Structures are given as structure tokens and as C-alpha cells.
Amino acid sequence: MAVRFLCARTLCLALVLGAMGSAPALAQKELPAPPGKEQKKLPEAPAKLPKVDRTKNLDFLFGALKAAPDEASAKHVEARIWAIWIQTPSDTASLLMARAKTAVDAKKIDVAIKLLDSVIKLRPDYIEAWNRRATLYYMQNDYARSLADIREVLIREPRHFGALAGLGMIMQEVGDEKRALDAYRKALAVNPYLEKIPDQVKALTEKVEGRDI
């Protein structure tokens with residue numbers, strides 16, 4: 001069921017842009033959820049991931065991702081990055097994350113969110129807990145909370161292409177095509193082979209900046 005919430009579009013932007021720079025606080029007004037919105041998810045890790053060393057240098061992998069010669073190579077590197085992000089920092093966090101997934105599979109979204117609340121309280125440095133909770137809030141059309149969690153992801157990892165793509169999706173859905181385009185471009189700068197994002201950039205570029213003469 002969609003969650004009704006109060007959030008001005010500019011205030012939502014302020015939540016996220018705090019991770020990238022300052023934004024003025026503005027007055028609130030009601031921003032309804034889009035009617036008939038499909039239950040989509042923000043970009044998440046693929047189902048199958050390779051085993052990786054937790055100490056693997058992410059800087060090296062991001063460099064390899066950006067320089068990948070083709071999509072197959074990029075997807076291989078992308079999976080390794082996701083594998084590092086997803087590795088749980090403790091047995092307790094691992095158990096809670098597993099229970100949250102079970103709750104999502106059973107369509108008990110509120111239960112899953114409470115479990116992720118516990119993970120975040122226990123290990124606020126664990127990026128994937130923030131990212132998954134952002135996804136669940138997005139599924140509920142609660143863009144304000146989803147954006148707040150995306151902000152936390154980007155504070156901890158500004159190169160998180162999943163969060164950047166998710167930011168673009170939300171901005172596009174609330175009608176802020178300029179900021180959607182900016183978020184998508186940042187995501188592609190990190191991961192040039194993200195699915196569907198290049199098409200979104202092309203379409204939004206024509207809308208926001210116009211066609212080349």
C-alpha cells in the first residue's frame with residue numbers, strides 16, 4: 001500500500017543533495033505518490049555474486065569498471081563490487097539481513113523495514129542495509145525516506161552507482177528531470193554499462209537541454 005507523506009520536491013532534494021553539497025531548506029507541501037505506480041525496485045545486486053576478499057581494493061575495481069572494454073567485462077567487475085558491498089560486517093547483521101529478505105519474499109515489507117532498522121542501528125557503516133531499506137521505502141512510494149537513505153549511502157560511498165541510478169529514478173518520477181539527468185550522468189560516469197540508464201540520459205537530455213542544432 002502506498003504510504004502518504006508530506007514532502008516538497010525541493011525538500012526531498014535537500015535531503016539527498018546534503019551528501020553532495022548544501023541545499024536551502026524550503027517550505028513543505030503535499031507531494032502525492034504517482035497513481036498506479038508499479039512495484040519496482042531501485043538498482044540492487046545481482047542474484048549471483050562471486051566470492052571476494054573483503055580487503056579487495058575498491059578503488060582498483062572502480063577503475064577497472066570505468067575502463068571495461070565491453071559489457072561482459074563490466075558486469076564481471078560490477079558483480080565483484082556488489083559482492084564487497086553486500087558482505088555483512090557481523091554474524092548478527094547477517095542473520096538480520098537474511099530475515100529481512102525472507103520478510104520481503106513473504107511481502108511483509110513493514111517487518112523487513114524494522115529488521116533493517118535494527119541492522120542500521122547495529123552497524124550504521126553497512127551500506128547495503130541503507131540501500132535495501134531505500135528500495136523498500138521506494139516500493140511503498142515513500143520517496144522522502146527513500147531519498148534520505150540514498151543520501152546515507154552516498155555519504156559513505158559517493159561512487160555507489162545503484163544509489164545514483166535510484167536517485168535518478170525518484171527525481172524522474174517526481175518530475176524533476178534536470179536532477180534526474182544529473183544523477184543518471186553521475187551513475188554512468190562510475191559505471192558506463194548500467195542497463196537502461198543510457199537510454200534515459202538520451203531522452204532526458206533532449207527534454208532538458210534540447211536537441212543539437
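**Figure 1. The aromatic cluster of the predicted model.** Phe62, Trp82, Trp85 and Phe161 form one aromatic cluster in this predicted model, for which local features need pLDDT of at least 70 and side-chain atom pairs count only at pLDDT 80 or more, whereas totals for chains, interfaces and linings use all residues. Residues are numbered from 1 along each chain as its sequence is written, and side-chain values use heavy atoms, with hydrogens and water left out.

**Figure 2. The pair of Phe62 and Trp85.** The structure holds 5 aromatic pairs, where rings of Phe, Tyr and Trp (its six-membered ring) pair if their centres lie within 6.5 Å, and planes under 30 degrees apart count as stacked, over 60 as edge-to-face and the rest as tilted. In the pair of Phe62 and Trp85, the ring centres are 6.0 Å apart and the planes stand at 45°, so the pair is tilted. This pair links distant parts of the chain, 23 residues apart, with Phe62 in helix 2 (residues 58-66) and Trp85 in helix 3 (residues 71-86); helices are DSSP runs of H or I with at least four residues, numbered from the N terminus. Phe62 and Trp85 are both buried, meaning under 20% relative accessible area with a 1.4 Å probe, protein chains only.

**Figure 3. The pair of Tyr138 and Tyr143.** Here the ring centres of Tyr138 and Tyr143 lie 5.9 Å apart with their planes at 25°, so the pair is stacked. Tyr138 and Tyr143 are each buried, in a chain of 213 residues of which buried residues make up 44%.

Conventions:
Helices (H or I, at least four residues) and strands (E, at least two) are DSSP runs, numbered from the N terminus. Buried means under 20% relative accessible area, exposed over 50%, partly exposed in between (1.4 Å probe, protein chains only).
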